[in-house]
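I opened the model today to look up a few local features. My entries follow in the order in which I made them.

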Amino acid sequence: MAELRFHWGSSLDSGQKKSTDKYRSDLLDLDGAVEFAQEADALGVESLLMAQSFSLPDPLPVIGALVRETERVKFILAYRPGLLSPTLFAQIVNTVSWMSDSRVALNVVAGTSPVEQGYYGDFLAHDDRYAREDEFLEILHGLWSGKQPLTYTGEHYRLVDAQLGLGHKGGGRPEIYISGSSAVAQRTAIRHGDCWFRYGDTPEAIAEAAAPVVARGRDVGLRMQVLARETREEALAELAEVMRDTDESHRDWVRAFVEAGDSEAVKNSMRLAEEAGHGWLSPVLYSGAVAYRGGPALCLVGSYEEVAAYLMEYKAAGVGQFIFSGWPARDEMRTFFTRVLPVVRAYENAARPAAVGATAAAV
């Protein structure tokens, strides 16, 4: 199998917040975001996820700034169909591909909350949003495959002779990640995506859920957090520190947001945390921060060796990629890529000769 791929959730500030701290939605620390991206670049982070939410600055202009301040790191643009026309969106992504030397990928998200979608004037139900996403991606694939001029008539979009002068740099298209835990999200990923991304669970549960996607030749990715230290005792002590003095009013806000939402991924992650008593799903998988941060806060906690070994269990379950976050984000990114990743690669290298030998024996 190919090596595991590791991305990181970008910080739009210096990346020093605790996991249980409330996001600051009333400021953009662009200098801090640049510093964060430049360190990711230096560490060899493959990509930074640029999330989209009403509580965050819009990722498109921020990516435009960050690509000019970095050299190698890619940027995964999270965006929701329905906010921009597919032709305009393809034009924007093509432009960013030229600005960044093709260092842009897409994380297409149908939306997690009808309330938040309403902020943008979008009132479609869950499955209708995925139906629109299906049309959106079909049009994008058409434009990026060179089918221009493109005429399209669907329930949600109608185009007549759509065409763009500036194509994606290098031809082709960006890598496409489809997020969601529902059956319709899986079908969309299989039809239009390169990778199905979802929130974490135990390796056993992920293996069962991912089987249809793996069988169709698509990659599987997990969005999680990680907290690794030299020893397990140090990791548990750090976990206790970051969970101290939690913002309970923010926890109440998160609960209300989840209850008002219609995302299966979000509700499932909260259900898992509640069933575990906001504690441990396994000796390495901690759910206590989910109540403050939602699904992405399901956290791998342990020594460098423990976390690396658990990642190999996910790999055996069919997972090929991870988008991690940490607390504080920048410190944990540095720890993961300098201390945990070398252990993961050592595990992968150790497994490779055995696989070659097994193939030779079978022949």
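How many salt bridges does the structure hold? I found 23 salt bridges, a salt bridge being a side-chain nitrogen of Lys or Arg within 4 Å of a carboxyl oxygen of Asp or Glu.

Ground rules. I am working with a predicted model, in which local features need pLDDT of at least 70, side-chain atom pairs count only at pLDDT 80 or more, and totals for chains, interfaces and linings use all residues. Residues are numbered from 1 along each chain as its sequence is written, and side-chain values use heavy atoms, with hydrogens and water left out.

Entry 1, salt bridges. I looked up R334 and found its side chain in a salt bridge with that of E39, at 2.6 Å from N to O. R334 belongs to helix α13 and E39 to helix α1 (residues 30-43), so this pair ties together parts that are 295 residues apart in sequence. For helices I use DSSP runs of H or I with at least four residues, for strands runs of E with at least two, both numbered from the N terminus. Is E39 buried or exposed? E39 is buried at 14% relative accessibility, while R334 is partly exposed at 32%. My cut-offs are under 20% relative accessible area for buried, over 50% for exposed, and partly exposed in between, with a 1.4 Å probe and protein chains only.

I then turned to R244, which is partly exposed at 42%. Its side chain meets that of E241 in a salt bridge of 2.5 Å, N to O, and that of D245 in another of 2.8 Å, N to O. E241 is partly exposed at 37%, whereas D245 is exposed at 61%. I also noted a network in which salt bridges with shared partners join E35, E39, R330, D331 and R334.

At what angle do α5 and α6 pack? Helix α5 (residues 126-144) and helix α6 (residues 183-192) pack at about 5°, and their axes are 10 Å apart. The two are therefore roughly parallel, a label for angles under 35 degrees. Axes here are lines fitted to C-alpha atoms, over the stretch in contact for helices, and angles run from 0 to 180 degrees between N-to-C directions. From α5 the contact (heavy atoms within 4.5 Å) includes Y130, L137 and H141, and from α6 it includes V184, T188 and R191.

I found a cis peptide bond between Q148 and P149, with omega about 0°. P149 sits in the loop between α5 and β5 (150-153). Q148 is 17 residues from G165 in sequence and 9.9 Å from it in space, C-alpha to C-alpha. G165 is exposed at 86%, in the loop between β6 (158-162) and β7 (176-179). Another cis peptide bond joins W327 and P328, with omega about -15°. P328 lies in the loop between β12 (321-325) and α13 (329-362).

S102, which is not a glycine, has a positive phi near 70°, and it lies in the loop between α3 (86-100) and β4 (104-108). H278, also not a glycine, has a positive phi of about 55°. H278 is in the loop between α10 (264-275) and β10 (285-286) and is partly exposed at 22%.

How values were computed: Angles under 35 degrees count as roughly parallel, over 145 as roughly antiparallel, 65 to 115 as roughly perpendicular and the rest as oblique.
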